Amino acid sequence: MDPIVFDRFTMAFSLAVHIVLAVIGVALPVIILLAEYLGIRYNDKEYKVMAKRLTTALLILFAVGTASGMLVAVNLFFLWPNFAALVSKVAILPVYAEVFAFFSESIFLALYIYSSDFFKNKYIHMMMMVIAALGAAASAALITVLNAFMNTPVGFNIQTYLNTGAITNIMPLSVFFSPSAGIEVAHVIATSYFAGSGIFLGYFAYRFLKAKGERERTYYQKAVKLVFCLAVISTFFAVITGILSIESLYHVQPEKYAAIELDINPISHAPEIIGGIYANNTIKDAIFVQNLQSILATGSANGTVPGLSQYPADTWPPLFIHDLFDLMFFAGVAIGIFLLIILIIYIKIRTILTNKLVLKLLIAVAALSVLLLENGWMVDEIGRQPWIIYNVMTVQQAANMSTAIIPIAIIIVVLYAIMLPFTFLVLRKVFSKRKLSTELAR
Amino acid sequence: MNPLIIINYVLFAALFSLLIIELAGAIISILECDLYRKKVLEYLAPLWEITGTLSVFYLVNLAATYPGLLPAIDYLYLAPILFAAVFLIARDAYLAYSELSLEKKENKKHARAYGILTLLTMFLLITILSSSVSGGAVDPINLSVNFPYLLLNGFNILMFEAIITLASACAIVFFDLKYPKILATMAPFSLALLLMALVIHVPYIIAKAIGNPLYLAPVIILFVLMALVYLYKNKYAKFFAVPFLFAGILTFELLEYPYLFGGAVNLSYFVTPQPTTSYVLLFTLVGGGFLALALSLFFYVHHSKKRKRK
């Protein structure tokens with residue numbers, strides 16, 4: 001079997017698992033921070049207990065996330081050695097800086113845990129988690145900068161590299177300012193908070209439905225309210241940055257844009273194509289909304305959108321990313337509208353967040369938010385195929401073709417298959433011994 | 001001397017010296033489980049934090065310092081590195097779980113699991129180290145590797161034995177165990193094993209040491225000081241263990257400079273080009289400074305809490 005199949009599978013599998021742990025690592029410190037602040041500010045027992053319990057969960061999930069992150073980093077450098085060699089010469093600075101962001105997150109998380117009764121001023125203790133949260137966000141941002149480089153490479157003479165293989169005119173800092181870096185970072189941060197808060201919104205909604213006793217119900221009600229606020233704010237920013245992202249794609253990655261929109265030929269008065277598949281040189285089973293794509297992309301119905309026929313067919317990404325994108329878009333819109341409706345109702349009816357139907361729908365939001373997250377990254381990564389660095393290096397050129405990768409790929413999958421259920425077992429075991437009612441009564 | 005290479009050497013020396021202390025704790029966890037809980041566990045949480053942090057730092061610094069070597073390292077050491085990463089992850093998971101677990105009867109099981117996984121991880125890391133130093137079992141030019149010989153060659157076995165012996169000596173000194181002081185001779189015995197391995201398999205390193213004894217001065221001075229302190233004021237000896245290991249490993253690296261793979265590769269040819277070099281140096285100094293401050297704060301809080309508990 002072709003080792004590249006195992007390279008792709010191993011990388012995709014590792015990333016698909018890691019991204020969920022990563023967004024939890026980004027969002028959960030902020031949730032803990034909010035709970036801690038409310039607990040200190042209003043001397044609220046439930047929020048103080050919430051901060052403590054969530055910190056234990058963060059410790060376990062952070063350890064697993066770190067392990068998974070290490071595996072992804074090892075995969076990146078060892079499955080794609082030629083990519084790693086080029087990145088190490090041209091674009092290593094964001095990866096290098098990310099290490100320090102990770103350190104601040106892990107050290108200040110440890111400090112937050114160890115210094116819970118060390119500082120007299122509780123706000124100083126809280127500052128440890130502020131730095132940890134900033135470290136987590138910075139870590140996500142810096143890795144995204146590397147991804148932006150893969151989508152819109154800068155920082156060296158690309159033409160000389162393609163002609164001769166020599167890497168010249170290196171400008172290491174320019175990788176932080178690649179054409180897609182800004183908007184990608186903004187969108188990734190917003191969607192990380194969106195997906196992370198979505199997961200916990202669903203979790204707390206589920207726990208509220210199962211809660212026994214008034215104190216537990218109050219606790220989970222406060223948790224749902226807190227995370228709901230974060231989810232609403234982050235959804236708003238996720239939508240704005242998502243719109244700006246697709247607009248940016250039109251300018252900096254027109255081929256990917258054309259594939260996402262299923263535009264085979266460049267045209268004006270372009271319709272928005274919803275759903276459908278491209279087969280036998282036609283688009284089937286799609287809904288066409290006339291002029292909408294031109295208006296959204298260019299501001300005018302006369303505007304011209306790029307087409308895939310402008311590029312060699314062997315550089316087209318798989319066109320099912322169009323359907324993945326549509327799924328992501330409509331699911332995102334559905335969640336956004338739902339949360340907005342709940343928010344409006346909440347202004348008038350404060351008990352809406354305790355309604356059983358609403359809580360069950362919030363659990364569905366949790367599942368959808370994970371789906372959106374995976375979908376978004378699939379659109380990004382598959383949409384760049386066959387390139388690992390757009391227009392510079394293909395996946396084939398970057399791959400480790402050693403057959404030693406095959407048993408290792410199997411081991412990595414088995415490891416995740418053990419690690420993930422083990423993590424949930426540990427969480428379950430730890431919290432089964434720490435009864436919420438006991439902690440609230442103390 | 002290239003400053004980027006020296007920084008990389010310093011990072012490796014810091015990381016490996018702490019890994020040897022962790023190996024020392026792992027040996028105790030396998031052989032003396034009750035002692036492990038009394039003497040080792042309180043150090044393990046901060047130690048694990050630092051070795052985890054430093055390993056990531058070192059790997060990324062390695063990629064930033066020698067980007068041209070990455071394809072060779074990837075092809076030659078893919079299998080042991082990935083297996084070591086797998087064991088490291090399992091080890092970290094066990095350590096995190098054992099800290100949170102409240103069931104005392106499971107503690108011995110966790111301790112031994114942690115110890116065995118640490119031992120396996122270290123064996124694989126030592127395999128990579130010994131192969132990259134001696135060039136044994138690998139051809140860095142033609143990118144070929146003999147995997148069974150990589151694990152079982154004489155230099156690797158001797159290095160592993162030397163490091164295990166050294167770790168055992170460090171276990172006694174660092175964790176202040178009440179064993180007959182004659183066991184402190186394990187440290188010179190481990191050095192003897194290491195020297196034997198170098199004489200047989202990498203003679204140019206010995207030639208360099210004999211040619212310029214100044215390389216060995218810090219190691220000898222620290223070793224003598226550590227031995228004297230251990231014999232007369234043994235509770236302070238632990239403060240010499242890590243500097244001794246650090247100095248020893250750094251000396252070993254400087255004796256090799258700038259070669260790798262038994263002299264077949266000159267590292268200077270693979271160092272990242274300018275202007276990336278300057279930025280990597282800047283990021284290392286700024287980031288390393290911040291890291292040092294953060295770790296100092298961490299140790300201050302950890303140490304103050306320990307004192308308050310006593």
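User: Which helix of chain B holds B:Phe12 and B:Phe16?

Analyst: Both lie in helix α1 (residues 3-31) of chain B, four residues apart, about one turn of the helix. Helices here are DSSP runs of H or I with at least four residues, strands are runs of E with at least two, and both are numbered from the N terminus. This is a predicted model, in which local features need pLDDT of at least 70, side-chain atom pairs count only at pLDDT 80 or more, and totals for chains, interfaces and linings use all residues. Residues are numbered from 1 along each chain as its sequence is written, chains are lettered from A and ligands numbered from 1 in the order in which they are written, and side-chain values use heavy atoms, without hydrogens and water.

User: How many aromatic pairs are there over all chains?

Analyst: The count is 29 aromatic pairs over all chains. B:Phe12 and B:Phe16 form a stacked pair, 5.3 Å centre to centre with 20 degrees between the planes. Rings of Phe, Tyr and Trp (its six-membered ring) pair if their centres lie within 6.5 Å; planes under 30 degrees apart count as stacked, over 60 as edge-to-face and the rest as tilted.

User: Is B:Phe12 buried or exposed?

Analyst: B:Phe12 counts as buried because its relative accessibility is 13%. B:Phe16, at 5%, also counts as buried. Buried means under 20% relative accessible area, exposed over 50%, and partly exposed in between (1.4 Å probe, protein chains only).

User: Which residues form the aromatic cluster?

Analyst: A:Phe62, A:Tyr96, A:Phe100, A:Phe102, A:Phe103 and B:Phe57 form one aromatic cluster.

User: Changing topic, where is the cis peptide bond at A:Pro386?

Analyst: The bond runs from A:Gln385 to A:Pro386, with omega near 5 degrees. A:Pro386 is in the loop between α12 (356-382) and β5 (387-389) of chain A. In chain B, a cis peptide bond joins B:Tyr257 and B:Pro258, with omega about 0 degrees. B:Pro258 is in the loop between α10 (238-256) and β3 (259-260).

User: What is the phi of A:Asn43?

Analyst: A:Asn43 has a positive phi of about 45 degrees, although it is not a glycine. This residue is in the loop between α1 (3-41) and α2 (45-79) of chain A.

User: Why does A:Asn43 count as exposed?

Analyst: A:Asn43 counts as exposed because its relative accessibility is 58%. A:His269 also has a positive phi, of about 50 degrees, without being a glycine, but at 37% relative accessibility A:His269 counts as partly exposed.
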